Amino acid sequence: MELNFKNKVVLITGAAGGIGSTLVRDFKSHGAIVYGTDISPSSDSNYIQGDLTNDQFLSDLVNGILEKEGRIDVLVNNAGIYLRTPAKDITRSEWERLMDINLTSVFFLTQLVIDKMISQKSGAIVSLASVAGKVGGLIAGAHYAASKAAVECLTKSLAKLSAAHGVRVNAVAPGIIDTSMQDGVPAEQMEFLMKNIPMGRLGTAAEVADAIVFLASDASSYITGQTISINGGTYM
Ligand code: NAI
């Protein structure tokens with residue numbers, strides 16, 4: 001299986017988070033030149049701090065990497081926020097903030113990067129969807145679930161538009177993964193969620209990262225427009 005990323009330029013959003021920091025480590029271990037970005041600070045090398053909902057930041061981020069490296073081979077749209085607000089309590093401003101981070105910034109960052117990938121005639125994009133986007137949010141907020149369903153559909157549209165140009169666009173839909181994103185989920189809700197995991201345990205960031213590395217690599221060269229579920233059997 002071809003998992004060699006030597007000299008490949010990889011951009012990972014949400015790089016300070018649980019799955020993002022694992023991705024940074026994994027892509028580096030496969031020889032990639034990794035750029036991480038997040039709204040939170042980090043002392044990692046090639047780390048660019050900023051807010052993905054800021055259009056100026058997005059263009060500075062992409063232009064800065066292109067000026068230095070001349071190309072971007074892989075984009076992982078991993079940043080996101082998870083809100084569990086009951087539907088009746090979701091305000092317009094909370095709805096818009098969540099959509100801005102989980103969906104709109106994914107589109108506009110991808111729009112900047114995909115253009116370059118198409119001119120390179122190669123590239124792979126992987127975005128983070130969620131099981132909530134497949135089955136609807138019960139504990140996850142309705143806005144969160146809707147944003148992740150939209151990421152899946154966006155993945156298909158962009159895959160169709162770029163497939164003939166050597167660019168692949170895929171997504172992963174994790175179930176419940178043991179990162180700080182799950183902090184604050186009340187014990188009784190977690191117990192309820194656990195009952196619906198046939199494997200009887202949470203997933204790990206490493207298990208999600210493995211699937212993303214595969215989708216970003218030449219080992220998945222005939223796969224595009226797909227969303228791979230990583231959920232211990234929760235949704236089949
Ligand atoms: P995390 O909370 O550890 O990481 C998310 C990162 O996104 C954080 O470091 C945060 O600072 C960053 N971020 C948030 N808003 C930002 C903004 N405006 N600009 C730049 N960065 C921003 O969460 P985790 O678990 O690593 O999640 C990564 C992705 O996986 C998310 O998209 C999440 O929705 C998705 N996911 C996670 C699941 C889980 O159970 N942990 C399940 C399904 C999907």
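View 1. The ligand takes up the space of the largest pocket; a molecule counts as sitting in a pocket or cavity if more than half of its atoms lie within 2 Å of its grid points. The model is predicted, so local features need pLDDT of at least 70 and side-chain atom pairs pLDDT 80 or more, while totals for chains, interfaces and linings use all residues. Residues are numbered from 1 along each chain as its sequence is written, and side-chain values use heavy atoms, with hydrogens and water left out. Pockets and cavities are found on a 1 Å grid over the protein atoms alone: a pocket is an open set of points with protein on both sides within 12 Å along at least five of seven lines, a cavity is a set where a 1.4 Å probe fits but cannot get out, and lining residues have an atom within 4 Å of a point.

**View 2. Here is the shell around the ligand.** There are 29 residues around the ligand, and D38, Y144, I177, T179 and Q182 come nearest (a residue is near if one of its heavy atoms lies within 4 Å). Both α1 (18-29) and α5 (142-162) supply at least two residues of this shell; helices are DSSP runs of H or I with at least four residues, strands are runs of E with at least two, and both are numbered from the N terminus. By class, the shell holds 14 nonpolar, twelve polar and three charged residues. In this scheme Ala, Val, Leu, Ile, Met, Phe, Trp, Tyr, Cys and Pro are nonpolar, Asp, Glu, Lys and Arg are charged, and the others, Gly among them, are polar.

View 3. A polar contact is a pair of N or O atoms within 3.5 Å. D38 places a polar side-chain atom 2.6 Å from an oxygen atom of the ligand, and K148 has a polar side-chain atom 2.9 Å from a ligand oxygen. On its own the ligand has 820 Å² of accessible area, of which the protein covers 93% (Shrake-Rupley method, 1.4 Å probe).

View 4. α1 gives the most, with three residues. The lining comprises 24 nonpolar, 18 polar and four charged residues.

**View 5. The second largest pocket has its own lining.** Its volume is about 180 Å³. Among its 13 lining residues, K8, S122, G123, A124 and D218 lie nearest the centre. Four nonpolar, four polar and five charged residues make up this lining.

**View 6. Finally, meet the cavities.** The whole structure has three cavities of 30 Å³ or more. The largest holds about 50 Å³ of space, and α5 gives the most to its lining, with four residues. Its lining includes N77, V106 and V151, and divides into six nonpolar, four polar and no charged residues. The second largest cavity has a volume of about 40 Å³; N77 and V106 are among its lining residues too, and α3 gives the most, with four residues.

Key
A polar contact is a pair of N or O atoms within 3.5 Å; within protein, one must be able to donate a hydrogen and the other to accept it, and residues adjacent in sequence count only if both atoms are side-chain atoms. Grid points are joined across faces, edges and corners, and a volume is the space filled by probe spheres set on the points.
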